[in-house]
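Colleague: I am new to this structure and would like to learn how to read it. Could we go through it feature by feature?

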Amino acid sequence: MRALTIERFGDTPRLRKLPVPEPGPGQVQVTVEAAALNPLDTAIASGALERLGEYRFPLTLGMDGAGTVTAVGDDVSRFRVGDRVVGQFWSRPLQFGTFAEVCVVQEEPALGALTTVPAGMPSEVAAALPTAGMTALGAIEHARVPEGGTLLVLGATGGVGTFAVQAAAARGIRTLATASAQHAEQVRELGAAEILVRGARPLDEAVRRLAPDGLDAVLDLVGDRSLTSGLAGAVKDGGTLLSTAFGLDDQLMADARVRAARYTLDRKPERLGDLVGLAAAGGIRPVIGTTLTLDDAPRALAGEPRTARLRGKTVLHIG
Ligand SMILES: NC(=O)c1ccc[n+]([C@@H]2O[C@H](COP(=O)([O-])OP(=O)(O)OC[C@H]3O[C@@H](n4cnc5c(N)ncnc54)[C@H](OP(=O)(O)O)[C@@H]3O)[C@@H](O)[C@H]2O)c1
């Protein structure tokens, strides 16, 4: 089978032929139909997440995917051959990711989550959901913005952002979102009340005009500390600055006037179930900006090809 692998941290990922991995006890083998990229894939490849646990090489990259169970190991009770599954395929040790024709994963992934794909949901749609969708739902919950309150999403056009805008709007939150001018209308269609066009005018000035009583929360998905620090004054007393991207400096973290916190994806199995159910019911949808094949995956991981479309998720069609 073909897989996008690295031999060591820092390697340039490349496609290789590998033996089909067989499931051990408690594991399922999945023939992958679609996989989705996340910034965390390049972080894994670089070794920046080495502390996550034991890695084995060659390491197949990719944590989000959807496909069909083609074999099960001993003691597997949740899934059977023929089930369609979706999730974050993060097992311990880390070795078999989703950028491959076949992968194996623990039925209860040690670092991720796995569930069945609802009938009728295409694999590309399912694969686009897990990491970004779960992170968005979790972050919106942690931001604690009341119904009718005002939230600013920095990085609204990306994987997490396109879900976060939808999740916030569904909760009745007035959402301000940053986007480039060419994508403003699409982000508005996702539920943003106001678009702050990147580079158009100083962001803090624009925010103060649109939210004169202050923001209840900022959700940072960009990781630019000067940007978040510059916006802190526009947050109400007791309001929240939440970052998934290490976008809060020490001074902001220590500021007693606001609640500044990092958000790391938590309660994965429960969030995956909620997310997939919500998507099946039409309550949230992934924005798939780019669809590629496994052959394109090395270039896609390197950040190409970018299209003029809204970024959203990049999905690999594999099966
Ligand atoms: N802690 C966790 O558990 C967790 C989980 C998931 C993700 N994350 C992190 O959360 C962040 C967002 O993830 P993602 O999947 O949404 O990434 P993504 O799809 O790459 O989206 C990044 C977003 O940031 C925007 N952006 C990039 N550079 C910018 C700049 N200089 N100024 C303003 N906006 C800029 C992009 O806008 P354009 O589209 O216009 O370029 C896009 O909206 C990443 O850092 C990721 O590693 C953390």
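Modeller: We begin with strand pairing: two strands count as paired if DSSP finds at least two bridges between them. Keep in mind that this is a predicted model.

Colleague: How many bridges join β10 and β11, and in which sense do they pair?

Modeller: In general, the strands of a sheet pair through backbone hydrogen bonds, either parallel or antiparallel. Here β10 (residues 150–154) and β11 (residues 174–179) are parallel, with four bridges between them. Within this pair, L152 is found opposite L176 of β11.

Colleague: In what order do the six strands of the open sheet stand?

Modeller: The order is β12-β11-β10-β13-β14-β15, and the pairing is parallel. At the edges are β12 (194–197) and β15 (259–262); each has a single partner strand, so one side of each has no neighbour in the sheet. On average, and ignoring direction, neighbouring strands here are turned by 15 degrees against each other.

Colleague: Which strands of the sheet does α3 touch?

Modeller: Helix α3 packs on the sheet and touches β10, β13 (215–220) and β14 (235–243). The direction of α3 makes about 160 degrees with that of β14. Another helix, α6 (residues 203–210), lies across β10, β11, β12 and β13, and runs at about 160 degrees to β12.

Colleague: How many helices and strands does the whole chain have?

Modeller: The chain has ten helices and 17 strands. Its radius of gyration is 20 Å, close to the 20 Å given by the globule rule for 319 residues, so the chain is as compact as a globular protein of that length. The C-alpha trace spans about 60 × 40 × 35 Å along its principal axes.

Colleague: Into which domains is the chain divided?

Modeller: Domain 1 covers 2–129 + 286–317, and domain 2 covers 131–262. Their C-alpha centres are 29 Å apart. In the contact between them, 13 residues of domain 1 meet ten residues of domain 2. On the domain 1 side, those residues comprise seven nonpolar, three polar and three charged.

How values were computed
Residues numbered from 1 in each chain as written. Predicted model: local features only at pLDDT ≥ 70, side-chain atom pairs only at ≥ 80, totals over all residues. Helix = DSSP H or I, 4+ residues; strand = E, 2+ residues; numbered from the N terminus. Axes fitted to C-alpha atoms, helices over the stretch in contact; angles between N-to-C directions. Contact = placed C-beta atoms within 7 Å. Rg over C-alpha atoms; globule rule 2.2 N^0.38 Å. Domains from an automatic or database assignment. Nonpolar A, V, L, I, M, F, W, Y, C, P; charged D, E, K, R; others polar.
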